Amino acid sequence: MPETLLSARNLAFELYEVLNAEALTSRQRFSEHSRETFDAALDTARSIAEELFAPHNRKGDEHEPQYVDGAAHLIDEVKPALHAFMDAGFVNTTRDFEAGGMQLPNLLSQACFAHFQAANIATASYPLLTMAAANLIEAFGDDAQKQRFLQPMIDGRFFGTMALTEPHAGSSLADIRTRAEPAGDGSYRLKGNKIFISGGDHGLSENIIHLVLARLPDAPAGVKGISLFIVPKWLIAEDGSLGPRNDVTLAGLFHKMGWRGTTSTALNFGDQGNCIGYLVGQPHAGLSYMFQMMNEARIGVGMGATMLAYAGYLYSLDYARQRSQGRLPDGKNAASGQVAIIEHADVRRMLLTQKAYVEGAFDLALYCARLFDDSQTLEDAEQRIQAGQLLDLLTPVAKSWPSEYCLQANALAIQILGGHGYTRDHPVEQYYRDNRLNPIHEGTHGIQSLDLLGRKVGQHGGAALEALSRLIIDTCQRAEPFTELDALRQPLEKLLARLSDVTLGLLGDLQQGRVNSALADSALYLKVFGHLVIGWRWLEQATHAEQGRLAGNPADVDFYSGKLQAARYFLLREVPGCHHDLDLLEQRDDTCLAMNEAWF
């Protein structure tokens, strides 16, 4: 039976050969775990994803949530799937044993959750948001807030959301208008409107905990005047029981191209003047708190984009093996039998492109998860700081590169199926529609590129960028003994040297105040930076694959050969093309910046 979510062999390769997950068990926090407990969690995740999430993926798309009598109504299959997810403990994979969690490394948590994202991205979004909201309250909430709001989320009774976007402001959070007035009893009264709130209303949980950005009366202008509030759908009594409905109104649902099974809501806060909220942390510091949830969500979006492409890749691969059509160019005898379309060179090109994009992005997402573990559990404090800084640098890449290139992989999956791929008889068209959201939400490609070039590469005196360069050089040095990898290593070394020079020039422009021109082509910069990172991760995979191939396990020869061929494709066909983009960046080409509005 073909695999439909992700390759179990590739996951094992990533966890136990490339990222050395077993080494984490030597750390005190994970000492009670082993490869056996890791694999047991993965097997449980795969089972629930296949049996309860995947079967209603198409139904949730065809029967999207409906707005009825002021509430959102979903298909019946979503709730039991999420209850199984909660009951199995997947909402608390990384929490302490004492808090009812599995105390798994984040690396294993992300690997488990990837199965649910591949099976049903829409249903998986509800726990994704809840886990991120719970983590924020745990990090910045006070003891009373943790008891009242966090514990029921950990228990799976309450779900969570993030309420940022407003109709007039879009991604410009500096311009939000939602207001919060002190009520004199420690609580606040909020009034405003939010849109595109995923999971903003449903009947899947006892309560919904909204994390809402708003301004206090004395707030300064801009992002430094934003505070963060907990706003429950249902108020909560002192004994923890549910009280009356809060003044939070579902104004309507957005009907989307994809992710149709996830409610996308417009919410009104305070229509009746009595929307009760609770300040998280300090006044005017809300955006800094929300960035924890946003960054967690951004990495989750990148993994989600990867898993939608992974599912499309595996489906189109199986289809190409089963579908017979045409003959090879040197076999024009009409009396001869047709060949499976995987025999055609262009179909192999499209499959290999998908594999290079998907498995490269998957490796990066898991590497970022491993970096989070390092930032929390390494013994050396300085090494923890370095891991956190590197994760911060890679976050815009881990979000945006898969959102762009895994979407392209989904387009190729449709192309392989031809006309059938464009119909609803096969899932690849839905995977594409679902994935089209990922370049938009949690910060567009343009926003991520401004964050990368305008903030991240120069942070801490460029320490994270230097650390990344050292890691890439280290991988290149470890690849040197394998002469078969020379042709793969050299393009990466050339791109690293060139991008380093261009980066220094752009940072110099920023320091001298030439901000608009330096950032005008930040999207190109993110593309090249992303290709460098993915190329590095492919060379890392290729080194381990070459080691495995030389070890001589006959059962793995094809697997390792496939890895080496995908690495060859990306490093020889994708990476060299970045130099034209670097030419434009180096020349400060102003074609786009100088375009006059009247000329369109």
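Predicted model: local features only at pLDDT ≥ 70, side-chain atom pairs only at ≥ 80, totals over all residues.

Colleague: What are the corresponding values for residues 162-269?

Modeller: That span is 0% helix and 46% strand, and its end C-alpha atoms lie 14 Å apart. The unreviewed UniProt entry lists it as "domain: Acyl-CoA oxidase/dehydrogenase middle".

Colleague: How many aromatic pairs are there, and why is the pair of Phe85 and Phe90 called tilted?

Modeller: Ring centres must lie within 6.5 Å to pair, and by this rule the count comes to 21 aromatic pairs. For Phe85 and Phe90 the centres are 5.7 Å apart, so they pair, and the planes stand at 40 degrees; stacked needs under 30 and edge-to-face over 60, so the pair is tilted. Both Phe85 and Phe90 are buried.

Colleague: What makes the pair of Tyr310 and Phe362 edge-to-face?

Modeller: The angle between the planes is 80 degrees, with 5.6 Å centre to centre; edge-to-face needs over 60, so the label follows. Tyr310 belongs to helix 8 (residues 286-322) and Phe362 to helix 9 (residues 345-377), so the pair ties together parts that are 52 residues apart in sequence. Tyr310 and Phe362 are both buried.

Colleague: Which residues do ring pairs link into a cluster with Phe85 and Phe90?

Modeller: The cluster also takes in Phe53, Phe113 and Phe116. Phe116 turns up again in the largest nonpolar core, which has 140 residues; Phe116 and Phe529 have the most contacts inside it. Helix 10 (residues 381-417) gives the largest share of this core, 16 residues. Leaving out residues up to four places away in sequence, Phe116 touches Ala45, Ile48, Ala49, Phe53, Phe85, Phe90, Ile121 and Ala124. Another core, of 32 residues, lies apart from the largest one and has Leu164, Ile176, Ile209 and Met290 among its members.

Colleague: How do you know that the charged end of Arg9 has a place over a ring?

Modeller: The charged end of Arg9 is 4.4 Å from the centre of the Phe559 ring and sits over it; the distance cut-off is 6 Å, and the charge must also be within 35 degrees of the ring normal. Arg245 gives another example, lying over the face of Trp234 at 5.7 Å from the ring centre.

Colleague: What do the buried residues of helix 1 pack against?

Modeller: They pack against helix 2 (35-53), helix 5 (106-119), helix 8, helix 9, helix 16 (522-551) and helix 17 (557-574). The buried residues of helix 1 (residues 8-18) include Phe13, Leu15 and Tyr16. Asn20 follows helix 1 and has a positive phi, near 50 degrees.

Colleague: Why does Ala221 count as exposed?

Modeller: Exposed needs over 50%, and Ala221 has 73% relative accessibility, so it qualifies. Ala221 is in the loop between strand 6 (207-214) and strand 7 (227-232).

Colleague: Why is Phe196 called partly exposed, and what is His460 called?

Modeller: Phe196 has a relative accessible area of 49%, which falls between the 20% and 50% limits, so it is partly exposed. His460, at 51% relative accessibility, passes the 50% limit and so counts as exposed. Phe196 lies in strand 5 (residues 188-198), while His460 is in the loop between helix 12 (445-456) and helix 13 (463-479). Phe196 has a positive phi of about 55 degrees although it is not a glycine, and His460 has a positive phi of about 55 degrees as well.

Notes: Residues numbered from 1 in each chain as written. Heavy atoms only, no water. Phe/Tyr/Trp six-rings, centres within 6.5 Å; stacked < 30°, edge-to-face > 60°. Buried < 20%, exposed > 50% of the residue type's maximum accessible area, 1.4 Å probe, protein only. Helix = DSSP H or I, 4+ residues; strand = E, 2+ residues; numbered from the N terminus. Core = buried A, V, L, I, M, F, W, Y, C linked by side-chain atoms within 4.5 Å. Contact = heavy atoms within 4.5 Å. UniProt positions renumbered as here; feature names shortened; annotations may be inferred.
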